[in-house]
Amino acid sequence: MGLAIISPGKNMDAWISNFQSLDPSIPIQVYPDIQDPLSVEAALLWNHPPGILLEFPNLKLICSMGAGVDHILKDPQLPEHTPITRIVDEKLTWSMTNYVVMGVLNHHRQLVRYQQQQREKRWDMSSPEIEVSIGVLGVGALGNDIVDKLSYMGFKVSGFGKSPKIMSYPYYFGSQLDDFLQQINVLVCMLPLTAETEGYLNLELFKKCNPGTYLINVARGKHLNEQELLVALERGYISGALLDVFHVEPLPSNHPFWEEERIMMTPHIASVTNPNAAAPQILENFRRMKMSQPLINQINRIKGY
Ligand code: GLV
């Protein structure tokens, strides 16, 4: 009884060699070459074809290959009671935090402006720093680390979440969104994608931001109303954005974001799961599933994260 890896179009060699060196006794099958569906007890998924899990009647564990599980939960034919886990690992957190710190520093120290000045051979020492106060929307494992590291660097940082929590930094929740937005001028989206958070970054929210707020979205493309971001840029609610995620990935070549100078983009690379770092926790959950023990990093299906 073994593990199926289902991640169409991606090279899985690194995952396979990690699993094999950690525990060669676990049989691994890689989609689309699944010869023995009855033997599949655990499935490791990234953008699996909806409905495919119904082919595995002995499935007892579903693992996301990344931090997010929205790609799994959107399957309308997801087996109802099979537990789902996600990746929480130091390397993933470290890369995500580094990316956001890079985005904040680029904005704060105006790297784009100085690159432009260099191209123009222009020496302009005026206003060398943009004063920033950062707000992180969504303070789970990843968001919290971003708040901690930026705070450690001396930045003013606040967090926003769904429910009340005692935090070591200014934390807002629920109906306090407007107060939160008033404190900040850099907004970092770290929310999980759920029915509630889809389209959260929209014109109505941008209007409530301090004029010229800078946006960083490293969560999911669907958090952002892309058309309304363009309007918010035109109206000056938002001054610029660093985006790593998009509604459609790869971003279509006719998408208006390609031509928008105020938007800086990367191709969903802010933090990519490292199989060396993540394989041990998948196998640990495989072992726990076999022994009927509590899983690590199991998500709550009702909450959606
Ligand atoms: C990446 O987007 C992830 O969910 O890990």
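Biologist: Which residues of α9 are buried?

Modeller: The buried residues of α9 are Pro275, Ala278, Ala279, Gln281, Ile282, Leu283, Asn285, Phe286 and Met289. Buried means under 20% relative accessible area, exposed over 50%, and partly exposed in between (1.4 Å probe, protein chains only). This is a predicted model, in which local features need pLDDT of at least 70, side-chain atom pairs count only at pLDDT 80 or more, and totals for chains, interfaces and linings use all residues. Residues are numbered from 1 along each chain as its sequence is written, and side-chain values use heavy atoms, with hydrogens and water left out.

Biologist: Against what do the buried residues of α9 pack?

Modeller: They pack against β1 (2–6), α1 (13–22), β3 (40–45), β4 (61–64) and β5 (84–85), where contact means heavy atoms within 4.5 Å. Helices (H or I, at least four residues) and strands (E, at least two) are DSSP runs, numbered from the N terminus.

Biologist: Why is cysteine 189 called buried?

Modeller: Its relative accessibility is 0%, and the limit is under 20%; therefore cysteine 189 counts as buried. Cysteine 63, at 0%, counts as buried too.
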